[in-house]
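Hi everyone, thanks for coming. I'd like to walk you through one chain today, so please have a look at it first.

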Amino acid sequence: MASSADGSGLATWQPQEEGLREICGLLEQQMAPTSDDKSLIWQKLQHYTQFPDFNNYLAFIFARAEGKPLEVRQAAGLLLKNNLRSAFKTMPPANQHYIKSELLPCLGAPDRQIRSTAGTVISAFVQIGGVAGWPELLLALVKCLDSNDPNHMEGAMDALSKICEDVPQLLDADISGLSERPINVFLPRFLQLFQSPQTTLRKLSLGAVNQFIMLMPTVLYMSMDKYLQGLFVLANDPAPEVRKLVCSAFVQLIEIRSAVLEPHLRNVIEYMLLVNKDSDDEVALEACEFWSAYCEADLPPENLREFLPRLIPVLLSNMAYADDDESLVDAEVDGSLPDRDQVQLLDLYNILLILVSFKIFLISNWVGQDLKPRFHSSRFHGSEDAEDEDDDIVNVWNLRKCSAAALDFLSNVFGDEILSTLMPIIQANLSTTGDATWKDREAAVLALGAIAEGCINGLYPHLPEIITFLIPLLDDNFPLIRSISCWTLSRFSKYIVQGIDHQQGREQFDKVLVGLLRRILDDNKRVQEAACSAFATLEEEAAEELAPRLDIILQHLMCAFGKYQRRNIRIVYDAIGTLADAVGGELNQPKHLEILMPPLIAKWQQLSNSDKDLFPLLECFTSIAQALGPGFSPFAQPVFKRCINIIQTQQLAKVDPVSAGAKYDKEFIVCSLDLLSGLAEGLGAGIESLVSQSNLRDLLLQCCMDESHDVRQSAFALLGDLARVCPVHLHSRLPEFLDVAAKQLNTTKLKETLSVANNACWAIGELAIKVQKDMSSIVLTVISYLVPILQRPEVIIHLGLNKSLIENCAITLGRIAWVCPELVSPHMEHFMQSWCLALSMIRDDVEKEDAFRGLCAMVRANPSGALSSLVFMCKAIASWHEIKSEDLHNEVCQVLHGYKQMLKNGAWEQCMSTLEPPVKDKLSKYQV
């Protein structure tokens, strides 16, 4: 495709004129706004990637095609950067050398866009090949920085800033052939550039140093005084982008290295307070981050206390909507209008090029939405990603949201102390009237919601008055006041429900409930969303108190179901699912089902098996099935069959999407498995006839072996549920189920798969008590996975995992010991102590009873195996508040008396003397 002057390599590589013309022509067509078929052009460009020197052409066009439009040269550079990720490892060294040699001179190019794109490509090279793979680069960058030529300095600094952002650790590493780490060479030059008269150099150098705060290389630690001096000088920089980086540095330092700021903390707080009112919103936003960071860093509150009377008014002022906030426009959208598309894909490939150029990948944030709804999350999956439902969320993080978060943090640190400053401002803002001051009133309501948790003690005596004041705001003329009033009322849900015990509180609860229901049917989409989310929060707190009001609630929710556009219908599903969870069997009455089920079934029949709108409907049905129990039977068969069909289709789509007629999406499987679990829980043994006539067993085993954590998590939950209600249908593949479940307990992977391991462990225990001796062949394998978890609980907790896995392992081990004591008891001395410690942490329930039956069975089979752990066994027995099962109580008595008779010559008394008095008191009920 190209010619070379000699055979020694590509030092004199030259493009062929025809190839150059073709590629430039394609790039020009690609960038042309009137070009018709972008996909065809893109395919042609991709076709060229099979030629070994295609990337040489791109480098040549980027670096040397000065007669071509700037956009074409940039596009060539960015395409080169993207190609590097796939082509670098197979690229001939000579080609790499040529491309690198063409890039370096571009650092000093006259055009800033070429310099910037060169920096992007160079950073990509460093990410893929490391610093050691390009020793000439470091020398060139140093030479450019020391050149005093503005273009060369800026080009080098641009490349370095991108390397520091992408892979800072590579610059703080020992490089073979270099006498010192690269950062040791560059950091003094970065700090020197803080004084540059060029804004760009000040910005890039400061941004580069900030990237190392987390890593804190030795050279930065030793230069901390100079760095801080530079920050204080730049604090009043005329360029807002520099001031923003100064604020960012202080925020990071207070989060990570607060000790270095302590001598200067007063001045830093004064500065952040000042720039929190900066005329540039981005600077003010970065400064506002400081207050939450300070609170989260657990620093002494005293340092901040004296500034609260000045800080709180600033935060409240910044919580008002800005005039240019696009939420103000969105808030006026009529609820009857279809949802607008978030992204118009009219020119996908140009958009992609722009995205790559500016490193903007936050597509989800292109369209601002104000309040983030809370969604009903399945009990089986998704809890790690559940959205925080307590926040007035703006998808794009802005000063209003950040200020509210800061006030929330401050209220949790200082509690009622802030009320003396805050409440007069809130009261003054709420007392204003007229259209001109609505934003101040809205911000005051937001502030009340923000402090609802932290200042509850001070607010509590006044809550009836506060709630009485908020209720009429649900009918305010301004939709954003109506929506924020819904959210703030939901923040007080717990206390609103607590007041039901007396007449006044009950009346207030009904007013809030009816007010939120009224707003659920609002014509404004934003208000619909806020009201539905707030009502779901109230439902969770009110639970069975909603039962007498089910008629009116269901009428409003199903009316909303028919009224809402696609986006907000998800929140209605959430509210319905939460209602089912809250009232349970109360929902199972014909008059309620006549309102609830027909619209849901109509939607169920309307949606195809590949429609993602099924996800929230499947989750909603899961809650309804659990709540209705056997009452769900009339709807069970079509629901069950469809879940099976969806799982089959998706498993086929994974390997052959054309035959499946659908694109694979694991969420279809996850939601279907969860709904089947809901059916098993609700129908109980009534699901057996459905399972027996299906291939669920085989599908489930496939899901238990799926590579997706979410699919396996839901699959093992369903396995446990089926084990409880129809184990006979699992029997033929029992060894396979047990084997794959046991493997989920591999401790080397627990951090990533905790929820999978938890469900698998629980499922093994449920199978054990149903199939009993039939699991003999795999008992020791399962025990070999359970014991290491029990023996090293501190490792599990250190990994950031919760204690539920340890408790589940303890229960499952006990259940296995109960059904196969002769197999487990010979090994009990190896785990008895850690097992008893885990048992002592479990609350009284049926599962704990099963575990202790296993303990008693093992002791009967091998009494000497527990002797060395007798003290720990006594403490585990003493952890019971009350053993309600008379049989188990008697078994525990027999165990204790057996050891008392076994231990002669004062040995029993010596054992008892080592126990704490409360433990001995608890054991006295067993007459020992």
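Let's start with a helix and its neighbours. The buried residues of α7 pack against α5 (93–106), α6 (112–129), α8 (150–166) and α10 (182–193). Helix α7 itself covers residues 135–145, and its buried residues are L137, L138, A140, L141, V142, C144 and L145. Buried here is under 20% relative accessible area, exposed is over 50%, and partly exposed is in between, with a 1.4 Å probe and protein chains only. Helices are DSSP runs of H or I with at least four residues, numbered from the N terminus, and contact means heavy atoms within 4.5 Å.

A word on where this comes from. This is a predicted model, in which local features need pLDDT of at least 70 and side-chain atom pairs count only at pLDDT 80 or more, while totals for chains, interfaces and linings use all residues. Residues are numbered from 1 along each chain as its sequence is written, and side-chain values use heavy atoms, with hydrogens and water left out.

How far should we trust it? pLDDT is the predictor's confidence in each residue, from 0 to 100. The chain has a mean of 88, and 90% of its residues reach 70 or more. Where pLDDT is low, the predicted coordinates should not be read in detail.

Next, a helix pair. Helix α40 (residues 709–725) packs with helix α42 (residues 750–771) at about 15°, their axes 8 Å apart. The angle makes the two roughly parallel, a label for angles under 35 degrees. Axes are lines fitted to C-alpha atoms, for helices over the stretch in contact, and angles run from 0 to 180 degrees between N-to-C directions. Among the contact residues are F716 and L719 of α40, and W762 and L767 of α42.

Now the cysteines: how many disulfides are there? Counting a pair of cysteine sulfur atoms within 2.5 Å as a disulfide, the answer is zero. The sulfur of C726 lies 14 Å from the closest cysteine sulfur, in C704, too far for a bond. For C836 the closest is in C874, at 9.0 Å, also too far. C726 is buried at 2% relative accessibility, and C836 is buried at 1%.

Last stop: T649, in helix α35 (residues 633–655). T649 is partly exposed, at 24%. Beyond its neighbours within four places in sequence, T649 contacts A660 and A662.

Note on methods
Angles under 35 degrees count as roughly parallel, over 145 as roughly antiparallel, 65 to 115 as roughly perpendicular and the rest as oblique.
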